[in-house]
Structure formats: structure tokens, C-alpha cells
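Good morning, everyone. Please have a look at the sequence and the model on the screen. I'll keep this short.

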Amino acid sequence: MSDGGENPDQPRQPRNMQGLLKFAMEATQSEDAPNPAHVDAMDPERRQFLEAALKSLTVDVIHEIEKAMKVLTDPEAADEDKAEALDVIIDFVQDIDAANDFYKVGGFVIIQPGLDSSSSEVRTGTLRLVAELSQNNPTCQQHLLEANILPRLVELLSDEATVAVQAMHAISCLVRHYEPCLAAFIEMGGLECLLGCIQTDNDKLRIKSSFLMSNLCTEFAAVRDEFIKLNAVEGVIASIRPSKEYEPKLETALSTLNVLTESSEAVIRCQEANLKLKSKLETILKLNNGKDECLEQIEYANTLLKRCFATEHGLTDR
């Protein structure tokens, strides 16, 4: 199951001069030669031209970030200009080294004001920035935790739909793979907030919150058990509505329930007759049988049926 964001493990194209030069040279060689194994050395004049062209494309990252920060700290700047400045910074801090440099030059001073902005566009851009800074970056995760922005991120889950979705994404990037942030999130009632978001009418928010819940349950059995105590099983089952076609929120709910039922306590809860999980799963299989686009839904439903309702003699009501 994906949360809809970029793959954090996907390699980025090289930003440094040597990497760009090598990338361009290899691309040029592959275009010029039908057999790359027999490529001659690049012509010196062509190499010189290529190096000059690449140098003209390079920018001073710190200078560009500081220029954008001037806009963001200017009380007279228009919200539209601030949103564009945030886009500039976000583009640069996708590189982890640049993200850490952003902290070193004092960039974090723009985060709290951005989260508190009256402009939803600026709030959304700032949340995207927080997510980009903290994704798989323990250094920035630590500094953002120290900046005490988590409470504000949780508050923004109740904001308008687009802002709430970005708030969940930012929280997800902050707490995944960094236990101090996760501990702080749990301490402020974050697990309860996740459960509330899973049952919301905002489909994108529901999917992102379910992704985070599944991720945390997979990584920490103790967190999974705490979710179960908070009636997560019942909440997820309540959100399951069989569909005749592929439905992302249905697949997300089934996936989350599969993770929860790795606990025997969750399996017992699933067997409660009033939840009607068995009939829901059987209806899903009947409606989606033979549909390639629904293969994962079918697989999740079959797994849950076997895990929660199977006996030695096959499926049976309990």
C-alpha cells in the first residue's frame, strides 16, 4: 500500500557538476554510437562546450534559499509570492545535504509563521516543506522535534481538506523511522488522531492516515497492540464498504486490517457478529471476482476470511 507520495528510495538525478557531466556524456555517447561498447573518447571541443553549458546551468543553492527566505520573512510580501518562494526551497531541500544546510543558515525560522499563516496556500506549502525536510532525514527530524511543531501539525488535521492531507503527510514523514518523534506524537494523543482521520469523509486523508497506521503497526508490535486497545479494528471495519469496482479507500482499509490481524486479539475482535465482517468480505469477493484491477482487494479479503473465520472444515460463521 502506498500513501500516494514519492518513493523515498527512488534515486535522484545527480545535482553536482561531475555527476551531471557524466550523465550528459553517457547520454551523448548512447545517442552517437549504435554500439556503446565501441565508443571513442569524446571530442575535446565537444567536451569543452558541454562543460561550459553545464556550468551555466548551476546555481548557488544557499544564495537561492536565502533569497526565498527574504520573501518569506517580509511582512509586506504577497501570499502568492510566499507560496512561490516555498516552492523554490522545496525543490532544493529534496537533497539531504541541502536540507541540512537549510537548517544551518537559519531556515527553520520560517516554518512556524508559515504554519500559522492565514493563507491556506502558504500553510500547505510549509507543510510540504516540513515533509520534504524530514523524510528519511534524522538530523532534520531531530531539529523539527526541538522546534515543537508537532502540536501545530496535529491541529492542522482539522483544517480544510487539502491542508489536512498535507498535515498528515508531514506528520508521517516526521514520525516514521525516528522514535523520538513517534514517542512525542503518541504522548500528545497522536494515535487517537490517526483513528479519527481513518474514519473521516476526506478520502485522501483517510488513505494517508491508514498508510501511517499500517507502517507503525508493522514496525512496532507495541504500537499495533495500542491501536487495538483503542478499538482500531472496529473503526476500520466500520469504514469497509464493498464496491463493484476498484476503490482505493477500500483497499486501504483491507490492507490496514490485515496488518492489525497479525495480533490474535485483533482476530478475536473481527469475529464479533455485530461487525458483520465476514459478510462484507464475502460480498467484496463476489463483486470483484475476476477483475484484474481489484486483485489486491481480493487477496486482502481472502486472507482476512481465512485468518479470522476458517476452521479445519472450511469457512464457517462464529
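One reminder before we start. This is a predicted model.

Let's begin with the core. The largest nonpolar core has 85 residues. Which of them touch the most other members? They are Phe 102, Leu 133, Leu 153, Phe 227, Leu 257 and Leu 260. And which helix gives the most to this core? That is helix 10, residues 161–175, with ten residues.

Take Phe 102 by itself. Leave aside its neighbours within four places in sequence. You have met Leu 133 already: Leu 133 is on the list of residues that touch the most other core members.

Next, the cavities. A search of the whole structure finds two of 30 Å³ or more. The largest cavity holds about 40 Å³ of space. What lines the largest cavity? The residues are Ile 198, Arg 206, Ser 210, Val 236, Ser 239, Lys 249, Thr 252, Ala 253 and Thr 256. Sort that lining by class, and you get three nonpolar, four polar and two charged residues. Helix 13 (203–219) and helix 16 (248–260) each supply at least two of the lining residues. Helix 16 has the largest share, four residues.

Now the salt bridges. How many does a search of the whole structure find? Eleven. Here are some of them.

Start with Glu 64 and Lys 67. Their closest N and O atoms are 3.6 Å apart. Both sit in helix 3, residues 61–72, three residues apart, so about one helical turn separates them. Lys 67 counts as partly exposed, because its relative accessibility is 45%.

Glu 155 and Arg 152 form another salt bridge, with 3.0 Å between the closest N and O atoms. They are three residues apart in helix 9, residues 150–155, so again about one helical turn lies between them.

Glu 234 and Arg 269 also pair up, at 3.2 Å from N to O. Glu 234 lies in helix 15 (residues 232–238) and Arg 269 in helix 17 (residues 264–270), so this pair ties together parts that are 35 residues apart in sequence. Arg 269 is buried, at 17%.

One last item. Thank you.

Definitions and conventions: Residues numbered from 1 in each chain as written. Predicted model: local features only at pLDDT ≥ 70, side-chain atom pairs only at ≥ 80, totals over all residues. Heavy atoms only, no water. Core = buried A, V, L, I, M, F, W, Y, C linked by side-chain atoms within 4.5 Å. Buried < 20%, exposed > 50% of the residue type's maximum accessible area, 1.4 Å probe, protein only. Contact = heavy atoms within 4.5 Å. 1 Å grid on protein atoms, 1.4 Å probe; cavity = no way out; pocket = protein on both sides within 12 Å on 5 of 7 lines; lining within 4 Å. Points joined across faces, edges and corners; volume = space filled by probe spheres on them. Nonpolar A, V, L, I, M, F, W, Y, C, P; charged D, E, K, R; others polar. Salt bridge = Lys/Arg side-chain N within 4 Å of Asp/Glu carboxyl O.
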